[in-house]
Amino acid sequence: MMIISDRKILIYSLFALLVFVSSCKEVKETKLFYTKMVVPTVDTENSRWFFFTSASRPFGMVNLSPDTETKGAWGSGYRYQVDTIKGFSHIHAWQLAGPSVMPVTRDADCSDYYSPFSHDKEEITPGYHRVYLERFGITAELTSTKRVGFHRYQFKADENPVVLFNLNGELGPSLMKNGSVVLKDGMHRMIGEVTNEATFRRPKDCKVFFIVDFSAPVDNIEKDTITGNYRVSFQRINEPLLMKVAISYTSNENAAKNMEEELPGWDFDKVVKDSQEEWNNMLSRIKVEGGTSDQQKRFYTDLWHALQGRRIISDVNGDYPDNTGELFRIGHLPVDENGKPLFNHYNSDSFWGAQWTINTLWGLVYPEIADEFVQSLMQYYKDGGLVPRGPSGGNYTYVMTGASSTPFIVSAIQKGIVKDNIKPIYEALKKNHLPGGIMSKSGYEHNTNIGGGLNNYIKENYIPYPLAEVEYGAHQDGVSQTLENAYQDWTLAQLAHKLRYVDDERYFTQRSFNYQNVFDSISGWMRPRNKCGQWKADFDPYQIDNGFIEANGAQATWFVPHNIEDLATLMGGKKKAADKLHHSFIEAEQLGFTAGTSHDRETHPEFSRIPINYGNQPSIQTAFIFNYLDKPWLTQYWSRKVVETVYEGIIPARGYNGDEDQGLMGSLAVLMKMGLFSMKGGCSLEPQLEIGSPIFDKITIELNSKYYTGNKLIIKTEDNSDQNVFVQSAEWNGKELKNWSLPQNDLVKGGTLILNMGSEPNKQWTSELK
């Protein structure tokens, strides 16, 4: 028998206690690990109104953050290099802004209230923002729920707090007008409203209603006679001033309901914690191991962007603004047996390019989000008769071209995410593809149905450039319109096949070959044709626009995702096509694969003449085309090069090197870093996910059990490094994999994909898709 002394028992007990305490400390420190990995300031030197957000929830109606520039949709919002704060706005959305506030001292007025600040005294994390206003000596802290902004202001001890409400004048993309606030129910609550005036893109005014609650009684409200804005002042207080601002697009009553439901109390720190935990739960759906610390931080920053741009516009009770008709109305979403809305309604930029980005990421990792957006898009159809490309303020904006929502919705159906009412959904999508539907409209063409060139597309099987002397909207660029329509027609044909609509399948499949009519076999590029069928005489494949939307001919030529094999045939075979694309990548690498470091630079002559541009959507699929040309090792090589060059770094000066349209490029970066892609946008009869070159050693994806039978999808790489970018061999659930793609339906059943990596391509590891 072994006898343990009391002294040893004490030592062992103390050791056990130390281990326990240490483990608890570790759990506490890592609880918000994924949130802490996000670097919100990435690319903020090139920010636009809806790009940056801090004190917000995923897809929140409120996305509260400081503004250093307040005018214009571009170059506005939080711009890192500007050292002056001009207010804290509650809405940074596609074509929408909202009430802006600014804590000041009694010597400031509605015309003179800007304050310098320093990044050294700033803290930003998803769900929270703290900044010190140097002019006034005020520490301002921001957080939010989905629909309520929450502020905490620490004034100097000898100051009487003042909060300015800036409700008139230019704010982001909109002119704010008719702003007002009044006291309501005592001295602690105000009600207000402000109108976003119509813009070139959003054709109708849009009101924002709000309720404001203060932790201290209001002493006085003054309206400035020059600006029309308001000074709200308070008696001197000994504690921080707390302020809650609940918004609604329907009524003050609903703003109050949003406040009551989401933020009845005053515990600021708890709301910060809840917000960060919500973000952490979303971000932790994907766990990456390996790579550098900066690569991991950048990955979660990309993922954060993929989950924040598009915004809720419906209230907690399901009310939402409907501006699709002649007169404004308050719509109401369907509810469950407890009266809770079955889904949220959304404000959203275009789904242009979504087939290669959020289609795949949301469809794999966040199917509940894809489901909600489909239901929201269909609600617009029920209200206004069209499925939108990018709705704002409860109305159509006709942003970009084609019927870009079709692939998004078809993808959700093909993956089994959306299972009900498929036939009515199909009929809604079909309407968009016929004369009078959204395909008939070019960008921001609100009052006619000509600029989309759909009648020409149907009759002549291509869209001419120029279409007409009159510009009916933006982006009347016939080649790109033809290519987009052809792909979108193919996706609709897949759904017609699913529903056994034989005639429709045949008709839309035939239209999906219209890209052939803008391919010039002499030049080897997609090329504009006029109404008489003549090729553009002075054609330069490196000239931006001029028949191509935010692209040039070299970039747009590869936009045939549904039929790469036939495109290769047009080019003279797979080998010639692969050589052509490979040469384009070699050339593009000299410019870093992007047309400058921001969207506003891509039209400049020194940047625009690039054959592949990963800073905008039209050619972001190109690295994965090599899979279809029987050279998957080039997909592995170039996709890794693009990731390392374009979507790297955690500094404010760069990040997406172009146009990060509300999560599209963030999603693309996440997918490429995981080594996953879907050329056809998930719209095939059996959607496939294609393999690239993951940058991490292990990626674990938590699958949503409400939609998928699997628990986890794991991707492991053996011998991965900066040099070992080529797949040597692969296994899926213990069996050898000889293909570069896997059915999504297999992946969401769970399992492990193992990729053995090496420094030289294994050209035998390939087989054509059947």
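Trainee: Which residue has its charged end over the ring of Trp525?

Mentor: A charge sits over a ring if NZ of Lys or CZ of Arg is within 6 Å of the ring centre and within 35 degrees of the ring normal; here the charged end of Lys580 takes that place, 3.7 Å from the centre of the Trp525 ring. Arg529 likewise lies over the face of Trp535, at 4.8 Å from the ring centre. This is a predicted model, in which local features need pLDDT of at least 70 and side-chain atom pairs count only at pLDDT 80 or more, while totals for chains, interfaces and linings use all residues. Residues are numbered from 1 along each chain as its sequence is written, and side-chain values use heavy atoms, with hydrogens and water left out.

Trainee: In what order do the 6 strands of the open sheet stand?

Mentor: Strands of a sheet pair through backbone hydrogen bonds, either parallel or antiparallel. Strands here are DSSP runs of E with at least two residues, helices are runs of H or I with at least four, both numbered from the N terminus, and two strands pair if DSSP finds at least two bridges between them. The order is β21-β30-β31-β35-β32-β33, with mixed pairing. Because β21 (286-289) and β33 (735-737) stand at the edges with a single partner strand each, one side of each is left without a neighbour in the sheet.

Trainee: In which sense does β35 pair with β32, and in which with β31?

Mentor: Strand β32 (residues 726-732) and strand β35 (residues 751-758) pair in the antiparallel sense over 6 bridges, with Phe726 partnered by Gly758 and Ala730 by Leu755. The pairing of β31 and β35 is parallel, also over 6 bridges, and there Lys716 has Ile754 as its bridge partner.

Trainee: Which residues have the most contacts inside the largest nonpolar core?

Mentor: In soluble globular proteins, nonpolar side chains tend to be buried together. A nonpolar core is a set of buried Ala, Val, Leu, Ile, Met, Phe, Trp, Tyr and Cys residues joined through side-chain atoms within 4.5 Å, where buried means under 20% relative accessible area, exposed over 50% and partly exposed in between (1.4 Å probe, protein chains only). The largest such core has 204 residues, and those with the most contacts inside it are Phe165, Ile286, Trp362 and Tyr614. Helix α11 (residues 478-498) gives the most to this core, with 9 residues. Apart from it lies another core, of 13 residues, among them Tyr128 and Ile211.
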